[in-house]
Amino acid sequence: MTHCSPDPLFLMLTFLSMFYYICLRRRSRSGTRGEALTSRRAVESGQRATLPISVEVEQYAKEVLDFSSHYGSENSMSYTMWNLAGMPNVYPSSGDFTQTAVFRAYGAWWEQCASAPLPFRRTPKAFHSQDYIELAFEEPVYPTAVEVLETYHPGAIVQIMACSLNPFSQNPPTDVRWEVLWAEEPTKVLTPQARQFSPSIKQLSFPTNLIRVEVNSSLLKYYTELDAVVLRGQKERPILSRYKMPRIDICDLSDSDEELSDPGASFRQARDGKHINLGNGYFDKLPYELIQLIVSHLTLPDLCRLTQTCKLLRQHCCDPLQYIQLSLQPYWARLSDTSLGHLQGRCTLLQRLNLSWTGNRGALTLTGFSSFMKACGGSLVCLELSCCHFLSEPCLEVISQTCPGLQELNLSSCDRLHPQAFTHISKLTRLRRLVLYRTRIEQTAMLRILTFCIELRHLNLGSCVMIEDYDVVASMLAVRCRSLRSLDLWRCRSLSERGLAELAAGCRLLEELDLGWCSTLQSSSGCFQHLARNLQCLRKLFLTANRTVCDSDIEELAANCPALQHLDILGTRMVSSSSLRKLLQACPKLLLLDVSFCAQVDARIVQELCGLFPNVAIKKSFTQ
């Protein structure tokens, strides 16, 4: 007797049908038909009744509560997120103004660098956010509109959210809810001119005075600049917002055996109304590895829901091999200790974990985080904790104790961590990538880290304002971390020519070096020419806002750094078109050249150079 092998297309359709069925069944549990009809009748009766007159309130942001990054300094207002509080400073004018809010990065340049982390698998296609800012308003309202005044290179906003928490309340609720008012994919706006962005938003069932704006600047040709945010709304609840559809979300991670069926059982209905078992469509005949491959394409919420379909698929969905890497950042708004607890048993082989943006306002606690790390941290090599304000010194101590093989640690914008907490990082002696951007790390802790973490390849100390003497840090790097590939010293004000010379002599493998807004460096000392002669592997060099960079520096780069891809010399007064032409001819791999506010390089010269070197994105900012 011959046996026909199952059709792969049929198997896949069977699998998808089962998954769709269980999703519908879960949705039906969330709200009964009777509840839905009752809510609908209430809405209809409300529509027939006379609606109360509610005055619309218009208000600008009162306070900036939190943000992921900004271009500006921690000690000034220029280009900082704090400019979004209050009425507009620039709008309706267009252009590059210091009074606006600007995020740290734009375009795809940063993602192309060697220091960029690898992307996480299973990141939902609908999750586009790269940066965010949270704004508090005076009065809670039911929103009717959110308006963002974009004054330069608009189009970065991808999501607007509202929170049920009143940040000014003395009695915060135990259940903090976030709802999406509007979301869309990143867009490429053709003009850099100012605009008032006011998307159509959904109605809320609760009043809010806490708005979150999330952005993705990857398609932009230059930095986006935001001037103000307006919240319009009514104090009284609109009648149509009282009916709420049920939803399925990341909180549904339970491993309950409720209603689990046998593997892939499927039925069809006969003419007499009885159900005939057709078997499982050969699904359980597939090789284990093939089912694992199919399941690996699901997002995390879908994976967790699929565990509730049948015992066979639960076995596959709970297999630790499905959780080698796990990004919980897209689900930051609903992640809790309970969620981590449900995942804990599945993540025993976890190697890469992204908890960025999660746990704030009490959603994660030391107890929940510690329990998860002790159970799942043994094999971790990468841990992303950007903007995790639940972190404390005991949390970092737990990381140092449970993650002996950790190679990558990102604490970007964890600006509420006590300086003493960072000393625990020195115990992670296998670190290769460390991001401390906008943290309160002090010099003593940093030197201790460099003493023990000698395998560092990538280090970000941008905007770490509590380090007193960067020359000492640079000297230690030159001695202890000779394999360093990238170093970000953005806005490190105490670095001098001596520290830079030692760094260039000791870390000769550097490919990326960000010295933007390091105003203490002077070209007249020859420091930039010495740097170019010693760091011939350079691919990225930012000398942003150093007014002293001159033609000799550019010519030295042209002579010694043929692999250069990204160069930012914004704001210099002493670079001419002749040296730029030499650079462009000598560096065939150059992709980005920022000459904004360079006094000797006007728009005509930029246009001419763009024509001669069409593969290079030459940036020239303007102010209207």
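Are Tyr-71 and Trp-517 buried or exposed? In this predicted model, in which local features require pLDDT of at least 70 and side-chain atom pairs count only at pLDDT 80 or more, totals for chains, interfaces and linings use all residues. Residues are numbered from 1 along each chain as its sequence is written, and side-chain values rest on heavy atoms, with hydrogens and water left out. Both Tyr-71 and Trp-517 are buried, that is, under 20% relative accessible area with a 1.4 Å probe and protein chains only.

The structure contains 17 aromatic pairs, counted where ring centres of Phe, Tyr or Trp (its six-membered ring) lie within 6.5 Å. Because the planes of Tyr-71 and Trp-517 stand at 90°, with the ring centres 6.2 Å apart, this pair is edge-to-face, the class for planes over 60 degrees apart. The two residues are 446 residues apart and link distant parts of the chain, Tyr-71 lying in the loop between β2 (63-67) and β3 (101-102) and Trp-517 in the loop between β19 (512-514) and α12 (527-534); helices (H or I, at least four residues) and strands (E, at least two) are DSSP runs numbered from the N terminus. Both residues belong to one aromatic cluster, whose members also include Trp-110, Trp-490 and Phe-542.

Phe-542 additionally has Lys-540 over its face, at 4.8 Å from the ring centre, while Arg-212 lies over the face of Tyr-132, at 3.8 Å from the ring centre; the criterion places NZ of Lys or CZ of Arg within 6 Å of the ring centre and within 35 degrees of the ring normal.

Technical notes. Phe/Tyr/Trp six-rings, centres within 6.5 Å; stacked < 30°, edge-to-face > 60°. Buried < 20%, exposed > 50% of the residue type's maximum accessible area, 1.4 Å probe, protein only.
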